Amino acid sequence: MTTIQCQNLANQHQQPQTTLPNLGLVCITVSQQVRFKTITRTRYLKFSLAERERTLRQLYQHNLQRLHDALSFCEQNQIRLYRMTSNLFPMNDLEDQIGENILEEMSDDLSKIGQRALALGIRMVLHPDQFVVLSSDSPEVVQTSINILARHARDLDLLGLPRSPWSLMNIHGGKSQRAEKLVKVISQLSEAIKSRLTLENDEYAYSASEILAVCQQAEIPLVFDAHHHICHENLDSYDDPSVATMFEAARSTWKNPDWQLVHISNGETAFKDRKHSDLITDMPSIYHQAPWIEVEAKRKEEAIAYLRSCWLMGQ
């Protein structure tokens with residue numbers, strides 16, 4: 001990226017700012033420093049019960065160490081927000097209960113990670129996969145979605161992370177035009193899930209205003225994504241007045257405004273391209289008021305460092 005691009009981004013400050021938003025690392029690094037292992041369901045089911053246990057135990061131990069490494073990386077690079085991979089402990093929801101039992105046995109090691117994160121002031125959050133659709137017409141899909149959220153909530157409990165939006169689980173609204181059902185399903189969720197649940201606007205099914213209405217009725221926070229918003233509304237600028245309006249509306253859904261989390265990404269080949277770019281070179285001016293920003297860019301930690309350097313240039 002050119003110096004001119006960086007200067008343009010830095011100049012988006014509307015007024016002097018002494019504290020920069022906390023920028024978040026998403027799952028892995030471009031380097032090999034933060035990487036995790038996984039296993040496919042097909043391969044796992046070919047193993048004997050003894051092989052399954054041995055495989056998962058080794059995999060979970062590896063990923064736990066990598067989670068420690070992720071915290072160390074964040075500490076070293078002054079990153080205070082980390083999005084964990086939703087596949088941190090694969091196969092821990094199967095009927096054989098092997099993965100679930102191993103995690104219970106490792107509960108002391110898990111809790112140490114949560115304690116370390118809290119001591120370091122690093123916020124750990126989670127985004128369950130796209131198969132979570134609480135607004136589906138299928139009761140089976142809804143129940144499977146709830147089971148997935150319950151598994152993640154259990155993992156967060158084992159990590160010793162608080163039951164609050166500080167350690168949020170963020171999902172999309174799912175099937176469009178099902179707002180009433182979505183609110184109803186959320187109202188019936190367990191405390192372990194609902195206390196952490198947030199909803200995010202998307203490019204297709206739920207606009208920012210639509211998902212805002214759901215969040216207000218369900219009494220859960222809205223994670224505003226500016227890029228999804230400009231794509232859904234076919235806007236030509238992150239500084240369209242509606243961006244700031246939706247940012248402020250989203251903030252009102254957070255009982256603790258200092259915990260408000262937003263997402264930023266840029267289009268890869270054009271402003272409204274849905275594919276993510278390598279770095280962040282365009283940012284809503286209002287985002288300088290955001291306390292927490294997840295940086296959804298391909299170059300991960302490089303994008304965070306670049307964005308931070310641009311903002312420091314503008315101070």
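1. A residue is called buried when its relative accessible area is under 20%, and exposed when that area is over 50%. The points below apply this term to a predicted model.

2. Helix α3 covers residues 49-76, a run of 28 residues. From its first C-alpha to its last, α3 reaches 40 Å, which is close to the 40 Å expected at 1.5 Å a residue.

3. Which residues of α3 are buried? They are R52, L56, L59, Y60, N63, L64, L67, A70, L71, F73 and C74. After α3 comes Q78, which has a positive phi, near 55°.

4. A search of the whole structure finds one cavity of 30 Å³ or more. The volume of the largest cavity is about 80 Å³.

5. The largest cavity is lined by M84, T85, S86, L88, F89, L126, R151, H152, D155, L156 and L159. Six residues of this lining are nonpolar, three are polar and two are charged.

6. A249 belongs to helix α11, which spans residues 241-251. Is A249 buried or exposed? A249 counts as buried because its relative accessibility is 18%, and the cut-off for buried is under 20%.

7. A249 may also be compared with R274. The two residues are 25 residues apart in sequence, and their C-alpha atoms are 24 Å apart in space.

Note on methods. Residues are numbered from 1 along each chain as its sequence is written. This is a predicted model: local features need pLDDT of at least 70, side-chain atom pairs count only at pLDDT 80 or more; totals for chains, interfaces and linings use all residues. Side-chain values use heavy atoms; hydrogens and water are left out. Helices (H or I, at least four residues) and strands (E, at least two) are DSSP runs, numbered from the N terminus. Buried means under 20% relative accessible area, exposed over 50%, partly exposed in between (1.4 Å probe, protein chains only). The expected span of a helix is 1.5 Å times one less than its number of residues. On a 1 Å grid over the protein atoms alone, a cavity is a set of points where a 1.4 Å probe fits but cannot get out, and a pocket is an open set with protein on both sides within 12 Å along at least five of seven lines; lining residues have an atom within 4 Å of a point. Grid points are joined across faces, edges and corners, and a volume is the space filled by probe spheres set on the points. Ala, Val, Leu, Ile, Met, Phe, Trp, Tyr, Cys and Pro count as nonpolar, Asp, Glu, Lys and Arg as charged, and the others, Gly among them, as polar.
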